[in-house]
Amino acid sequence: MTPFARRRVTAVLGPTNTGKTYLAIERMLGHASGMIGFPLRLLARENYDRVVKIKGAGQVALVTGEEKIVPPGARYFLCTVESMPVDRATDFLGVDEIQLCADPERGHVFTDRLLHARGTQETMFMGADTLRTILRKLVPEAETISRPRFSTLAYTGECKLSRLPPRSTVVAFSAAEVYETAELMRRQRGGTAVVMGALSPRTRRAQVGMFEAGEVDYLVATDAIGMGLNLDLEHVAFAKLSKFDGQTMRPLGASEIAQIAGRAGRHMTDGSFGTTNDIGPIDPKTIEAVEEHRFDPHDTVFWRARDLNLRSPGALLTSLERHPPSPILRRASRCDDLRALSALAREPDILDLARNPGAVGLLWEVCQIPDFQKILSDRHTRLLSRIYRNLMAGGLDAGSYLPTDWVAQQIARIDRCDGDIDTLVARIAQVRTWTYVSHRADWLADPQHWQERTRAIEDKLSDALHERLTARFVDRRAAVLVRRLRTGDEMLAAIKADGIVLVEGEFVGRLHGFRFQVDEAVTGGDAQALLTAARRALLSEIPRRLRALERAPAQEFALLPGGGLTWRGEAVGGLGAGDTALTPIVEPLSSEFLDSRARERLRLCLAAWLQRHLRARLMPLYRVCEAATQGEFSGPARGLLYQLGEALGVIPRDRVGEQLRAIGKAERKRLAALGVRLGRVSVYMPALRRSGRPEILGLLWSAHRRTAIPAFPAHESRTCLPAPDADESFYLAVGYCCLPGFKGPRLAIRAEALEHLAQEVFRLSQNGPFRASARLHRLVDGDAARLETALRALRYDVRQDTEGLQVSRRRGRAGNGANGRGDKNAGPAKKSGPRQVRKTNSSPFDILRELTPGE
């Protein structure tokens, strides 16, 4: 026979990770019925789910203050210790973490179960060995069985947070310390899960689930982690070695350190514990005690009387404060329900209502409504007072319910998911209080409705809290990448069509052409981790992308107005200065993913496309340049064509006067066939002024000069523009001739328009002075002041009168085109009598250099 069959009461004692809870469930399921009390609702739920899988939902009940699932045929009850229906007889009864008898706040409940709760066939208490001595005195009939720890627990000293091993938890003892540590872990290690006593069970499960699933490698927790959470932990690091116990700050005892540190190492896997480097080492004696599981035994446990005097609130308080019958029992005086009763017993209207045992008993039940916020304020007391008054509104015999409208109003105020982490924690605590109230069927008219409502709100708030915690303390992307980088496993990468880079399914940045840009939200240490991950993952993607570029059709490339070269809309290169303006070089954008060979392949591909593109858009200019190198034209003509190509299509006539005088009529016709016009003011190519070409010519000028493109309103409808500061060579490149200003800034006129103006004015001036026509105004965009500037630059006299501009040839000097002959209307200059005419320059550009704006 086993030892369990011989003794009705058994105490299974030992450190964490000894399989005590597993043994208790196994023993319970060996009986026809059973009940186990756990210290936490979370543990009760966890073990309820486990037993349901074995026995089926119809045979298993869950009983906590906030959740009751009791099928009609339930035989096995998983409960919180406070909610155990001890008046129900079961074959097996167990209480987990029985050492909590020594807890100042809840210990009296565990002590009551130790003294009075029994199974009809078998009773089992599970807990730490520190309770062995007291247990022998209080329950002498109990057989104690020691369970050794399955794995070892070793102290590893101090460690920086940035060097903590994976699968570690950092333990702090306040919400502020947890948040501060979690923020640091996010920056340094990609993120952490968070566990605190203030979290709802659902939120706690979600956070722990994230850790267990490997989404994060770290956990930051309060000492709530030390109670029954079975985690895949390898190391526990204490960020503090003292805690506030509700009254004062005190150092942690060796047994408390062991309870928390014992979470490291599960089953046969060894664990370790230590401290963070900012608090110093643990005392050697404490280390020895934790490693060898030797602790000072408890010499007292907390107790409270069971026989209560319900004659009046005062009598009830007196009975609750009764001294225990044994020196090893200490009176429990720090309980929330006792504080609430003391406060309500001082209110006169409460005393007026609580005048009989039934009313006093109801008052005591109301005082036992838990304060889940634990903030030691009178807010909870005011709520209890309101609940009691409402329940007593019709008298105890009337069976009054809480007013439905009032309950609905109280719960509606909590049904909100906005706010920060602390706000959501507070709302969850409030709704848990109402969940507890909803399970008092004699207090509400429709308890089932309110149970469903409060549970739905708690679930919604818990999910929102989990999302807030995850968003604040977990960088999922960095956590995944840091873990992959540590293990050296090959990363799964994908490049979406829009350039988004995904590594292990997480967004890490964007690939612009061949350059990787880390996500802008990433700062600090995360950026380097992501870049390292991207380097590894993109090593195969970049060559594939380069091959795709080399095979890409022409329409996938573009030359941008600023001189950038793009492929599929992403920048891949730019223009650089070549030997001539028409032969720019291509400069691929720098990328750490392109070696010298790949960079050269990219350059050659872009250069080939650019030459094809420029030739297609500027074919007339290319033909001119090619003709300049062939022998079908004379030397002067080839020199003219060469200069025209260098200047990108427009040359002031005075600069090529020598060549023009040496070119015969037949060769002029051949130049005209190439699209070259020999005008009175300039030599130009009208075909280069078509849509989009001036912009390209401006880019070529800019690249060749290694300078930015001047501000230039390239509106094709504008023939006349102010040109105060720009380089004259730029205006010539884009098809404009610059004239000196008369009463304002320099003027730039499109070469064709200036030629038309010069020819028209010359024609009109043959018959003497004339008035400027509307046609002349239209040639300068209808601006009279600009027309006057242009006419003066062309060496005409201009007078303004009430009827407009009066124009005449300037006496004593050759007018426009007098000796500077164009292709048309350029006959011999007429002699003006015996007077000798002073030799003039052949082009207005020469004349313009001699003029001042006021001449």
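**A loop serine, and side-chain pairings elsewhere**

Guide: Serine 591 sits in the loop that runs between β26 (585–588) and α21 (596–617). Helices (H or I, at least four residues) and strands (E, at least two) are DSSP runs numbered from the N terminus. The model is predicted, so local features need pLDDT of at least 70 and side-chain atom pairs count only at pLDDT 80 or more, while totals for chains, interfaces and linings use all residues. Residues are numbered from 1 along each chain as its sequence is written, and side-chain values use heavy atoms, with hydrogens and water left out.

Serine 591 has a relative accessibility of 14% and therefore counts as buried (under 20% relative accessible area; exposed is over 50% and partly exposed lies in between, with a 1.4 Å probe and protein chains only). Apart from neighbours within four places in sequence, serine 591 is in contact with Phe514 and Arg515, contact being heavy atoms within 4.5 Å.

The next residue to look at is arginine 670, placed in helix α25 (residues 665–673). Its relative accessible area is 34%, so arginine 670 is partly exposed. Residues up to four places away in sequence aside, arginine 670 touches Glu632 and Phe633. The charged end of arginine 670 sits over the ring of phenylalanine 633, 4.5 Å from the ring centre (the rule asks for NZ of Lys or CZ of Arg within 6 Å of the ring centre and within 35 degrees of the ring normal). Alanine 637 is 33 residues from arginine 670 in sequence, and the two C-alpha atoms are 10.0 Å apart in space. Another arrangement of this kind involves arginine 167, whose charged end sits over the ring of phenylalanine 211, 3.8 Å from its centre.

Rings also pair with one another. The whole structure holds seven aromatic pairs (rings of Phe, Tyr and Trp, the last by its six-membered ring, with centres within 6.5 Å; planes under 30 degrees apart are stacked, over 60 edge-to-face, the rest tilted). For tryptophan 406 and tryptophan 434 the ring centres are 5.5 Å apart and the planes stand at 70°, so this pair is edge-to-face. The pair links distant parts of the chain, 28 residues apart: tryptophan 406 belongs to helix α15 (residues 404–412) and tryptophan 434 to helix α16 (residues 421–438). Tryptophan 406 is buried, with a relative accessible area of 8%, and tryptophan 434 is buried at 5%. Elsewhere, Trp701, Phe730 and Tyr731 form one aromatic cluster.

Charged pairs come next. A search of the whole structure gives 46 salt bridges (a side-chain nitrogen of Lys or Arg within 4 Å of a carboxyl oxygen of Asp or Glu). One of them joins arginine 339 to aspartate 336, at 3.0 Å from N to O. These residues are about one helical turn apart because they lie three residues from each other in helix α11 (residues 336–344). Arginine 339 is partly exposed at 37%, and aspartate 336 is partly exposed at 28%. In a further salt bridge, the side chains of arginine 416 and aspartate 418 meet at 2.5 Å, N to O. Arginine 416 is partly exposed, with 41% relative accessibility, and aspartate 418 is partly exposed, with 36%.

Glutamate 788 and arginine 792 also form a salt bridge, with 3.3 Å between their closest N and O atoms. Four residues apart in helix α30 (residues 784–793), glutamate 788 and arginine 792 are separated by about one helical turn. Both glutamate 788 and arginine 792 are buried. There is also a network of salt bridges, which links Arg41, Arg45, Asp49, Glu66, Glu67, Arg432, Arg455 and Glu458.

Cysteine 737 is buried, with a relative accessible area of 1%, whereas cysteine 417 is partly exposed at 28%.
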